[in-house]
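Let me start with strands and then move on to charges.

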Amino acid sequence: MSLYIPSDLRREVREYFGGYCGYCHSPEILMAVTFELEHIVPVSAGGMTAFENLALACPTCNRHKASRQSAPDPATGEAVSLFHPQQQAWDEHFAWIDGGAQLIGLTPTGRVTIETLRMNRLVLVHVRRLWIQLGEHP
């Protein structure tokens, strides 16, 4: 479902995220796709169309997240909330490994978000390696 988001709010969210996906931290300028504004807490779950509930997301992270707010932790199987890019600090939950080509979760939230959004999908890891060679990442 597509909801109207006023242009000034779109601009504010885009500026806040600096052109990077709020989840996988891929730069929009290198992805050759237009990033989307996504409701962190889905509208279907009562989420509002407000700055505090919007994130800039690459289309792939947005599709894999869908309406999910939690998922099983791959290490424990317990339900864990996904990363909230407006309320949580990215560096507290994620770290780059493999020279910046892959992400690891530093917390249950990081692990479940990486797994659920497939943030280390093969094609993205390959592209990150190319960006590293070009000096564009991380």
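This is a predicted model: local features need pLDDT of at least 70, side-chain atom pairs count only at pLDDT 80 or more; totals for chains, interfaces and linings use all residues.

I began at Ala-95, whose bridge partner in β6 is Ile-104. Strands β5 (residues 94–97) and β6 (residues 102–105) pair in the antiparallel sense over 4 bridges. Pairing takes at least two DSSP bridges between the strands, and strands (E, at least two residues) and helices (H or I, at least four) are DSSP runs numbered from the N terminus. The two strands make a hairpin with 4 residues between them, and Asp-98 in the turn has a positive phi of about 55°.

Numbering runs from 1 along each chain as its sequence is written, and side-chain values use heavy atoms, leaving out hydrogens and water.

Next I looked up salt bridges (a side-chain nitrogen of Lys or Arg within 4 Å of a carboxyl oxygen of Asp or Glu). I got 5 by this rule.

Asp-98 turned up again, in a salt bridge with Arg-129 (2.3 Å, N to O). Arg-129 sits in helix α6 (residues 122–133) and Asp-98 in the loop between β5 and β6, so this pair ties together parts 31 residues apart in sequence.

Then I checked Asp-73 and Arg-111, with their closest N and O atoms 2.6 Å apart in a salt bridge. Asp-73 is in the loop between β3 (70–72) and β4 (79–81) and Arg-111 in helix α5 (residues 108–117), so parts 38 residues apart in sequence are tied together.
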